[in-house]
Amino acid sequence: MPNVLNAAQSAEFEEKGFTYARGLFSPDEVKLLTRAMEEDPAVRDSILDRRDGEGRSTRIALWNRAGDSVYGLAARVRRMVDTSAALLGGPVYHYQSKLTAKEPEVGGAWEWHQDYGYWYYNGCLRPDMLSIMIGLDRTTRENGCLQIATGSHKLGRIDHTPLSPTQNEVDPSRMAHILEKCPVEYCELEAGDALIFHCNAIHRSDANRSPNRRWTLLICYNRVDNDTFTKVDDRYYVPLEPVDDDAIRRAGLRFARGDGQEHFTRKPYVPDLRKAS
């Protein structure tokens, strides 16, 4: 399948910094991905707690390679790869995948930040990068859906400041002025919907104080010619082998092989901005 977005959706991405691909994954694919996130020992053993300013926790798992597991295949299907390449203007590779699990009533918040505010320090010279957030559950205002400051990707990389040992945030003194220019959109998703957003789009999410969990799978891509100039953070270019769009169904509930193919990480990457400055 080629780029799944039509001209209006591509224009929306350019103008707003994000767009939606509703129903990008079918219910049976979502079921397989959800079961893998819940049951795969490799995911379960890699879960980290990322706490917000109130001490609430979002449970995350991070991996840097797209292997042959069902979630590795989700990053390799052509509908994902070709759409990302079309939006970024060139061939892409898998940069990172992440499960974000906000449990009912206790899931934590994320403050305003840009992904490139982190990834810049991995050695990516240009912001030719994006993320695709796939709803595994229904994602609403009540359970902490993503919020994006519309058009904020056009502002370039904004200085971030330390918030906690596990989060940096956009400079709060600048953020108030940004919100005067960039209205906030609450990006609600049904299970199987995808939100595609630019790495400089400023975004956040509220804590989940609802009785409904909010699990999402984020798959991130970098343009091949924007490969990191450092090789220490495990996110440098590795050739991505696309697969046909029926690969997830054909694979079924396939877990990680146990040989480290996915390169799960043991701690979140949070640049030490005081050291970096």
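Biologist: Which residue in strand 3 does Arg-51 stand opposite?

Modeller: In this predicted model, strand 2 and strand 3 run antiparallel and are joined by four bridges. Strand 3 covers residues 57–63. The residue of strand 3 that stands opposite Arg-51 is Ser-57.

Biologist: What is the order of the strands in the open sheet?

Modeller: The open sheet has seven strands with antiparallel pairing. In general, strands of a sheet pair through backbone hydrogen bonds, either parallel or antiparallel. Strand 1 (18–21) and strand 2 (48–51) each pair on one side only, and they are the edge strands. From one strand to the next the twist averages 25 degrees, and the order is 1-11-6-13-4-3-2.

Biologist: About what angle does the direction of helix 2 make with that of strand 13?

Modeller: Helix 2 (residues 27–39) packs on the sheet. Helix 2 touches strand 3, strand 4 (92–102), strand 6 (129–135) and strand 13 (214–223). Its direction makes with that of strand 13 an angle of about 100 degrees.

Biologist: Which strands does helix 5 touch?

Modeller: Helix 5 (residues 78–88) also packs on the sheet. The direction of helix 5 makes about 140 degrees with that of strand 6. The strands that helix 5 touches are strand 4, strand 6, strand 11 (194–198) and strand 13.

Biologist: How many residues of strand 4 are buried?

Modeller: Strand 4 is joined to strand 3 by five bridges, and the two run antiparallel; here Trp-63 stands opposite Ser-97. Strand 4 is also joined to strand 13, by 10 bridges and again antiparallel. Strand 4 is mostly covered, and the number of its residues that are buried is 11 of 11.

Biologist: Which residue in strand 13 is the bridge partner of Val-92?

Modeller: Strand 4 and strand 13 run antiparallel. Among the bridges that join these strands is the one that involves Val-92. Its partner in strand 13 is Arg-223.

Biologist: Which residues of helix 1 are buried?

Modeller: Helix 1 comprises residues 7–16, and on its other side Ala-7 and Ala-8 are exposed. What covers the buried residues includes strand 1, helix 5, strand 6, strand 10 (184–187) and strand 11. The buried residues are Gln-9, Phe-13 and Lys-16. Seen down the helix axis, these residues fall within an arc of 100 degrees, so they line one face of helix 1.

Biologist: Which residue caps the N-terminal end of helix 1?

Modeller: Just after helix 1, Gly-17 takes a positive phi of about 90 degrees. At the N-terminal end, a side-chain oxygen of the capping residue lies 3.1 Å from the backbone nitrogen of Ala-8. The capping residue is Asn-6.

Biologist: How far apart in space are Glu-169 and His-203, C-alpha to C-alpha?

Modeller: Glu-169 lies in strand 9 (residues 167–170) and counts as buried at 16% relative accessibility. Beyond its neighbours within four places in sequence, Glu-169 is in contact with residues including Glu-111, Trp-112 and His-160. Glu-169 and His-203 are 34 residues apart in sequence, and their C-alpha to C-alpha distance is 9.9 Å.

Notes
Residues are numbered from 1 along each chain as its sequence is written. This is a predicted model: local features need pLDDT of at least 70, side-chain atom pairs count only at pLDDT 80 or more; totals for chains, interfaces and linings use all residues. Side-chain values use heavy atoms; hydrogens and water are left out. Two strands pair if DSSP finds at least two bridges between them. Axes are lines fitted to C-alpha atoms, for helices over the stretch in contact, and angles run from 0 to 180 degrees between N-to-C directions. Contact means heavy atoms within 4.5 Å. Buried means under 20% relative accessible area, exposed over 50%, partly exposed in between (1.4 Å probe, protein chains only). The arc is that of the directions from the helix axis to the C-beta atoms. A polar contact is a pair of N or O atoms within 3.5 Å; within protein, one must be able to donate a hydrogen and the other to accept it, and residues adjacent in sequence count only if both atoms are side-chain atoms.
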